[in-house]
Amino acid sequence: MTDTPADGLSRPTHPEAPEPDATDPETTAPTLEQLVGSWLTVPDVAERLGVSLAAVRRMIEDRQLVAWRVGQRRVVSVPERFLDEAVLPHLPGTFTVLTDGGMNDEELLRWLFTADHTLPAGGSPVEALGAGFKTEVRRRAMETAW
């Protein structure tokens, strides 16, 4: 089974990722759009970073950012939490660890935005990365992905 994220590249799905049972309300996960919450379109990212649209598209292609198609019109968008005044510096390496471990972009985004209160900063792995806990997040990413 493969998945086609916003960058158009197919990646295998993680073989150990269980499919939620849509009939069981306790196992039904929130949609990715709900889990992430706030998304920015490519033009919004370009404006926020002060770069061209082509530069943002290149960041997505080079995996400095991960984008997903969201909304009814399936607009290519980036989670707002990936940006501060610039792209969070530890994201690309974390993307690589998770992707090399077999996660597709949806699984990667779900993992980054799912709450894990055992992390030093509490909250989600993306919040821990923003708080400077790169080593701990990547250690857990390696354990999860492999």
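The structure holds two aromatic pairs, where rings of Phe, Tyr and Trp (its six-membered ring) pair if their centres lie within 6.5 Å. This is a predicted model, in which local features need pLDDT of at least 70 and side-chain atom pairs count only at pLDDT 80 or more, while totals for chains, interfaces and linings use all residues. Residues are numbered from 1 along each chain as its sequence is written, and side-chain values use heavy atoms, with hydrogens and water left out.

**The aromatic pairs**
- The ring centres of Phe82 and Phe95 are 5.5 Å apart and the planes stand at 55 degrees, so this pair is tilted (planes under 30 degrees apart count as stacked, over 60 as edge-to-face and the rest as tilted).
- Phe82 sits in the loop between strand S5 (75-79) and helix H4 (91-100), and Phe95 in helix H4, 13 residues apart; helices (H or I, at least four residues) and strands (E, at least two) are DSSP runs, numbered from the N terminus.
- The rings of Phe82 and Phe113 have centres 5.7 Å apart and planes at 35 degrees, so that pair is tilted.
- Phe113 belongs to helix H5 (residues 105-113), so its pair with Phe82 ties together parts 31 residues apart in sequence.
- One aromatic cluster is formed by Phe82, Phe95 and Phe113.

**Burial**
- Phe82 is buried, with a relative accessible area of 0% (buried means under 20%, exposed over 50%, partly exposed in between, with a 1.4 Å probe and protein chains only).
- Phe95 is buried, and Phe113 is buried with a relative accessible area of 5%.

**Glu136**
- Helix H7 (residues 134-145) contains Glu136.
- Glu136 touches Leu119 and Pro120, not counting residues up to four places away in sequence (contact means heavy atoms within 4.5 Å).
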